[in-house]
Amino acid sequence: SSDVCSSDLLAKINPNIVHLQHWRGFSWILESAKRLSIPIVYTSHDWGLGCLRTILVKGEGGLCDGSVNVDKCTECVSKGRNLIGKANELLVSTATGERLLGTLERHSSIGHWLSKHGAVKLGLRKRVSLNFQRAKAILSNLSAILVPSAFAKDYYLQFGIPSRRIHVEPWYYDLTVPIDSTRADHEQVVLGYVGRISPEKGVARIFEALLSDSLANPINLVIAGAIQGEYAEKLHSKFPGNVGKHSIEWMGWIPHHDIHKFYEKVDAVIIPSEWMDNTPLSLIESIAFKRPVIISDIPSIRDLVQEGRTGYLRKFNSTQSIEQVIKWVSLRPEALFQMRRNIPAVKSSVAYASVLKDLYESLVTSSVPVRSI
C-alpha cells in the first residue's frame, strides 16, 4: 500500500523533519512519518483533513461554521449529493450494499468505471466517522502546523492539536515588479479579476452584477486568466467586449513575471469565490500590489481585510451584494486610491523561510535522538 511504501522510503531518506504542504490526498505521508517517529510539520492549504467536502460550504449551500461532528457532517455531505449520488449513498448504507460495491470494485473494468465516476463504497456515516478519527489521529501528533488565519487555527484546535503548536503565518509574496501606486487618469473605475475562470470562483456573478440597471456609472472590467473550458469560453463568447454599458478587457493567461501588468490597470480586485478559501493567494497578491479588494465575507480572510479601509466585504454568494459594492465604488473612485495607504505589507518568501528555519531548528534541537539527513 502507499503508506507502507512511503514508510520504507522515509526510512531510507532518514530525514530530521517531514514537512507536508498539503492540498488533499497526501495525508498518508503524515501517517508514515508518525509511524517512524519523525517530527512532522504540516502547512494546510485546504480543509480536507476533517471536511469530506474540503471547502467548508454546506451541501445545501451557505458557509459552514467550521465545527466538525459526525451527525452534522453526515447531513451536510448528504444534502450536497445529486440524485445518482444519493442512490449510491442509499446502496452503501447497508452491509449488503457495501459488500456488493466491494466485490464490483475488484473487477478491473467495473472498478475503473466506478472510480472514474466517483462512486463511494462505504456508507456515509462510516466515511465521516473514519475521516474524523483519521484526522484526529494524524493532527494531534503533529510537531507543528502552519495556518494562514486565526479561523484556521480555531478549526484545527478541535482535532486535539495543542495551541502552542499551531503557528498563524499568512502566506508570503514576492513582487515581480514594483508598480506605481498613484491613480491613473481613468475616466471610469477599473475593476479586475485574476485567477482561474471557473464556477467555484464565482466569476459569472461579476457579469450578472454589471447587468443591473442600478449601476448608472459605467466601469471597465479587466479579466486575467486562461479562457479554457466551457464555463470560461461561454462567458467570453457572451461578453466579448462589454456587459451592457460597461467595457471588458480580456487579458487571457498571464505568466507570473508579467502579472504586474494586470495590477497596473486596475483600481481594485474582485475575489467572489464561492468556496471557503483558506486565504486565497489572489488576495495576498492584491495586498502586495497595494490594491484594495472586493471579496466574499468569509472568516478565513477577515484578519487581512478591513471593511472600508483595505477592501469591501460582500455577502457570500450574493450577486446583489457585488452590485451594491460596485455601485458604491463607481461613485467614489478616489476612495479606492486612498485605501491603498491602509494596505499592510506582505511578508516576503525570504522572511517566511526564516520563520520556517527557526521552527525547524527548534524541533530538531528538542528531538531526541537527532536524525541526520
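Which residues of strand β8 (residues 246-252) sit on its covered face, and which on its uncovered one? His246, Ile248, Trp250 and Gly252 are on the covered face. Ser247, Glu249 and Met251 are on the uncovered face. Strands here are DSSP runs of E with at least two residues, helices are runs of H or I with at least four, and both are numbered from the N terminus.

A word on the model. It is predicted, so local features need pLDDT of at least 70 and side-chain atom pairs count only at pLDDT 80 or more, while totals for chains, interfaces and linings use all residues. Residues are numbered from 1 along each chain as its sequence is written, and side-chain values use heavy atoms, with hydrogens and water left out.

Back to β8 and its neighbours. Two strands pair if DSSP finds at least two bridges between them. Strand β6 (residues 220-224) runs parallel to β8, over 5 bridges. In that pairing, Leu221 has Ile248 of β8 as its bridge partner. Strand β7 (residues 242-243) pairs with β8 in the antiparallel sense, over 2 bridges. There, Asn242 is partnered by Ser247. β7 and β8 make a hairpin with 2 residues between them. Gly244, in the turn, has a positive phi of about 60°.

Next, charges. Side chains of opposite charge can pair when their charged atoms come close. The structure holds 15 salt bridges. The cut-off is a side-chain nitrogen of Lys or Arg within 4 Å of a carboxyl oxygen of Asp or Glu. For exposure, buried means under 20% relative accessible area, exposed over 50%, and partly exposed in between, with a 1.4 Å probe and protein chains only.

Lys72 bridges to Asp65 at 3.1 Å, N to O. Lys72 is at 27% relative accessibility, so it counts as partly exposed. Asp65 is at 54%, so it counts as exposed.

Glu200 and Arg196 meet at 2.7 Å, N to O. Glu200 is buried, at 17%. Arg196 is partly exposed, at 48%.

Then Glu274 and Arg205, a salt bridge at 2.3 Å, N to O. Glu274 lies in the loop between β9 (268-271) and α12 (281-288), and Arg205 in helix α9 (residues 203-210), so the pair ties together parts 69 residues apart in sequence. Both residues, Glu274 and Arg205, are buried.
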